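Reader: Got a structure to go through with you. Can we start with the charged side chains?

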Amino acid sequence: MEDNIKRLLGVEIDTRINLGEICSAICIMAGLVWFAAGIEKRVALVEQQLSMQQAQQRERDERQDRQVAESLALLKSDLGEIKGSVNRLVDRELDRRSGK
């Protein structure tokens, strides 16, 4: 039966495996493992750099938050002084007008 199929199709499939094919497959697998290891190293490096950048960003954000809080406190005290000065001027003007 197989002989009839071979004659009809004109194709014969060799089921033996050559040593060269085995060596090629091993080399391809070794190359894939090497490539995957390189990718893993790069990913680890990028993750490390990202965590360092995030830490620096957190420090920068905290520093800026402190500066903004200090600026707001200074602004509040300045506004309080201005308010006091304006109140004194208004009181003085009212006293002057009522004294005339």
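Author: E93, R96 and R97 are linked in a network of salt bridges. A salt bridge here is a side-chain nitrogen of Lys or Arg within 4 Å of a carboxyl oxygen of Asp or Glu.

Reader: How many salt bridges does that rule give?

Author: The count comes to two. One joins the side chains of R96 and E93, at 3.1 Å from N to O. In the other, R97 meets E93, at 3.1 Å from N to O.

Reader: Remind me why such side chains pair up?

Author: Side chains of opposite charge can pair when their charged atoms come close.

Reader: Where do R96 and E93 lie?

Author: Both are in helix α2, three residues apart, about one turn of the helix. R97 and E93 also both lie in helix α2, four residues apart, again about one turn. Helices are DSSP runs of H or I with at least four residues, strands are E runs of at least two, and numbering starts from the N terminus.

Reader: Is R97 buried or exposed?

Author: R97 counts as exposed because its relative accessibility is 60%. R96 is partly exposed at 48%, and E93 is partly exposed at 28%. Buried means under 20% relative accessible area, exposed over 50%, and partly exposed in between, with a 1.4 Å probe and protein chains only.

Reader: Experimental or predicted? And what's the numbering?

Author: This is a predicted model: local features need pLDDT of at least 70, side-chain atom pairs count only at pLDDT 80 or more, and totals for chains, interfaces and linings use all residues. Residues are numbered from 1 along each chain as its sequence is written, and side-chain values use heavy atoms, with hydrogens and water left out.

Reader: Fine. What about the overall fold, how many helices and strands?

Author: The chain has two helices and zero strands. Its radius of gyration is 42 Å, well over the 13 Å that the globule rule gives for 100 residues, so the chain is more spread out than a compact globule. That radius is taken over C-alpha atoms, and the rule is 2.2 Å times the number of residues to the power 0.38. Along its principal axes the C-alpha trace spans about 135 × 30 × 15 Å.

Reader: What share of the residues is buried?

Author: Of the 100 residues, 1% count as buried. The chain exposes about 9700 Å², and carbon and sulfur atoms supply 60% of it. Areas come from the Shrake-Rupley method with a 1.4 Å probe; for residues, only the protein chains shown count as cover.

Reader: Which residues make the nonpolar surface patch?

Author: V68, L72, L75, L79, I82, V86, V90 and L94 make it, and it covers about 720 Å². Patch residues have over 30% relative accessible area and no salt bridge; nonpolar side chains (Val, Leu, Ile, Met, Phe, Trp, Tyr) are joined within 5 Å, like charges within 9 Å. V68 lies in helix α2, residues 19–99. V68 is partly exposed, at 48%.

Reader: Last one. Where does UniProt place the transmembrane region?

Author: The unreviewed UniProt entry places the feature "transmembrane region" at residues 17–37. UniProt positions are given in the numbering used here, feature names are shortened, and annotations may be inferred rather than shown by experiment. In the model, residues 17–37 are 90% helix and 0% strand, with the end C-alpha atoms 29 Å apart.
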